[in-house]
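Subject: Structure handover

Hello,

Please find the structure below. My notes on it follow.

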Amino acid sequence: MDNRQFIKALSKATGKSAKETELLLTDFMAVFRERITDMDTIAIPGFGSFETKKRAERVTTHPSTQQRIIIPPKIVMNFKMSNVLKQRMRDDNKQ
Amino acid sequence: MNQKITLSDLADALAVKAHISKAGANSFIRDIFDTILAGLNDGESVKVRQLGTFKIAEVSARKGVDVNTGMPIEIAGRQRITFTPDKELAEAVNAPFAGFETVVIGDEDTPASPETAEPAPAAEQPAPAAEDPQPEAALPPELPAAPAMPEPPAIPEEEPSAPAAEEKVPEPPVVPAPEPPATPIAAFADMSSESAEEPAAVELPESDTDKPRSNRFWLGFIIGLITGLAIAAAYSLTVHYSQSRPAAAAQTAVAADTVAAVPADTTAVAAPAPVVDDKPLATDTVTRTRYLTTMARHYYGDHNFWVYIYEENKDKIDNPNVITPGTEVVIPQPSKYGIDASNPESVEKAKRLSYEIFSRYE
């Protein structure tokens, strides 16, 4: 499902026009980004949580050239499924 | 910062931004994620612009062990949702660290010619301070050198300090900016930077200036990076050292010269060596699981030597079998009581002393 299909499906679910939906989605993404770049954790009940983590810098050796390289630190974004969703998918699979 | 944002927090912010009702915003956000789930349920991956791609991945069944019975069991496979953030979003998240690039640690040669070797010993005193600017910033100039050289400064000691001086070069532009107390180091840095130019400092200062908000965060991190660099360089150069012994010899000769020129510093460096003997080895805290015997085994290699820790801390401890957890004890130097775990006579002596101590409390 690509972005266009997604917006179509979403507009169907909300009962709004595709254009309206897209604008709202853009607004939502702006809010989302603002919070996540603040290193906050965003939890969506029944879906999961998005959180950021700092990865420390590390020194590695290039396997073929044997050069030692410092990989800089990085902030990465993680998604974790909610337990409710996990359980539901497990139940779905059983049937 | 590091808050947990709930759906209603998001909905409130969205309602303000998009001028819709809170209830409407709330249901819209729910719809977004419900739609994503519905798409995933159809077995597709879902790509949302500005957010990322969600996919379903299979986790295959694996063998495990029942924690209670120890019996092998099979952990059933399951499905999980993976999320790959949109490139733009990932970059926005990583913005504070965007200025960093991977750095190849050059294994350039140790300074071999005399005039390049000279700056190294000169920069030696500021180097240890650069490792740890916060606590030592307030100390007078001579002092930073002292803690760094507890052992007598032998030739190998000179070697690591030389790379430390090189690695230290990125420091000057960073330290003066955040806090005024760091100025002694800055002064030092100036001293050393006249000999060593600043080749590697390019990306650090600019990122520092355009993110004043996260300065502290940055500072801590940069110190870490520099320390890492210094350690890595020291390692690579000690490896070099074994090959370039003559160069090192030349360097120590120069070091000796500077030592003669600056007698005050040499005392600072050499003094700690003889002092070590009557200084206690360490201090430790008695807890419910850490007794004097545990410490004796840890520090001296045999639990029987607990008696000497006891002797050293008689003023704080009464009955050795009744010590309040949390009591802090001083671990004496082994030489003070002739402690030697490999010598049966010494162990025997400790045992006899323990009988004597116990007899006092019977």
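Among contacts in chain B between residues at least 6 apart in sequence, those joining residues at least 24 apart make up 63%. The model is a predicted one, which applies to everything below.

Chain B overall

Chain B has 19 helices and nine strands. It has 362 residues, of which 38% count as buried.

A buried residue in chain B

Leu292(B) belongs to helix H17, residues 292-300 of chain B. Its relative accessible area is 5%, so Leu292(B) counts as buried, the cut-off being under 20%. Leaving aside residues up to four places away in sequence, Leu292(B) touches Val286(B), Trp306(B), Ile309(B), Tyr310(B), Ile317(B), Ile323(B) and Val329(B).

Where the chains meet

The contact involves 60 residues of chain B and 56 residues of chain A. Together the two chains bury about 5500 Å², 72% of it on carbon and sulfur atoms. Ten residue pairs are in polar contact between chain B and chain A, counting pairs with both residues at pLDDT 80 or more. Between the chains there is one salt bridge: Glu88(B) pairs with Arg33(A), with the closest N and O atoms 3.3 Å apart. On the chain B side, helix H2 (residues 22-41) gives the largest share of the touching residues, ten. That side divides into 37 nonpolar, eleven polar and twelve charged residues.

Salt bridges

Over all chains, the search finds eleven salt bridges. Side chains of opposite charge can pair when their charged atoms come close.

In chain A, Asp40(A) and Arg35(A) form one, at 3.1 Å between the closest N and O atoms. Asp40(A) is buried, at 0% relative accessible area, while Arg35(A) is partly exposed at 22%.

In chain B, Asp12(B) and Lys22(B) meet at 3.9 Å, N to O. Asp12(B) is in helix H1 (residues 7-18) and Lys22(B) in helix H2, ten residues apart. Asp12(B) is partly exposed at 30%, and Lys22(B) is exposed at 52%.

Glu74(B) and Lys63(B) form a salt bridge at 3.4 Å, N to O. Glu74(B) lies in strand E5 (residues 72-75) and Lys63(B) in strand E4 (residues 62-65), so the pair ties together parts eleven residues apart in sequence. Both residues are exposed.

Finally, Glu311(B), Lys314(B), Glu356(B) and Arg360(B) are joined into one network by salt bridges that share partners.

Regards

Methods. Residues numbered from 1 in each chain as written. Chains lettered and ligands numbered in written order. Predicted model: local features only at pLDDT ≥ 70, side-chain atom pairs only at ≥ 80, totals over all residues. Heavy atoms only, no water. Helix = DSSP H or I, 4+ residues; strand = E, 2+ residues; numbered from the N terminus. Buried < 20%, exposed > 50% of the residue type's maximum accessible area, 1.4 Å probe, protein only. Contact = heavy atoms within 4.5 Å. Buried area = accessible area lost by both parts, 1.4 Å probe. Salt bridge = Lys/Arg side-chain N within 4 Å of Asp/Glu carboxyl O. Polar contact = N/O pair within 3.5 Å; in protein donor to acceptor, adjacent residues only side chain to side chain. Nonpolar A, V, L, I, M, F, W, Y, C, P; charged D, E, K, R; others polar.
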